[in-house]
Amino acid sequence: MADPDPNIEALAARMLKRIGWNDAEWVQIEVYAKMAPARKVTQMLKLRHKQVRVLDARLRREHPGLSKRELALLIQEHLDLVRETR
């Protein structure tokens with residue numbers, strides 16, 4: 001079997017780091033690989049929803065006078081900033 005391509009390994013390490021995994025945590029990767037796709041998606045959506053709720057609560061405390069629409073726009077701006085940094 002040929003040696004792995006170092007460029008592919010580096011890309012894989014960056015992808016894992018981007019989603020919060022340390023590429024050295026093979027046990028976590030093995031468990032995730034065995035998990036059913038529907039369960040992976042469910043966990044991802046629950047985590048995303050929780051993160052947005054936390055952000056919403058923080059922004060409500062910081063900007064108590066905002067309307068629902070203004071708050072939604074501010075949340076979207078924050079999420080856009082997170083996307084840009086990844």
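Helices (H or I, at least four residues) and strands (E, at least two) are DSSP runs, numbered from the N terminus. The structure described here is a predicted model, in which local features need pLDDT of at least 70 and side-chain atom pairs count only at pLDDT 80 or more, while totals for chains, interfaces and linings use all residues. Residues are numbered from 1 along each chain as its sequence is written, and side-chain values use heavy atoms, with hydrogens and water left out.

The structure holds four salt bridges, a salt bridge being a side-chain nitrogen of Lys or Arg within 4 Å of a carboxyl oxygen of Asp or Glu. Among them is the pair Glu62 and Arg58, whose side chains meet with an N to O distance of 3.0 Å. Both residues belong to helix α3, where four residues, about one turn of the helix, separate Glu62 from Arg58. For accessibility, buried means under 20% relative accessible area, exposed over 50%, and partly exposed in between (1.4 Å probe, protein chains only). Glu62 has a relative accessible area of 44% and is therefore partly exposed; Arg58, with 30%, is partly exposed too.

Helix α3 (residues 37-62) also contains Asp56. Arg60 forms a salt bridge with Asp56, and their closest N and O atoms are 2.8 Å apart. Arg60 and Asp56 again lie four residues apart in helix α3, about one turn of the helix. Once neighbours within four places in sequence are left aside, Asp56 is in contact with Leu71 and Ile75, contact meaning heavy atoms within 4.5 Å.

Helix α2 spans residues 26-34, and Glu30 and Lys34 are separated by about one helical turn because they are four residues apart in it. Glu30 counts as partly exposed, at 46% relative accessibility, while Lys34 counts as exposed, at 66%.
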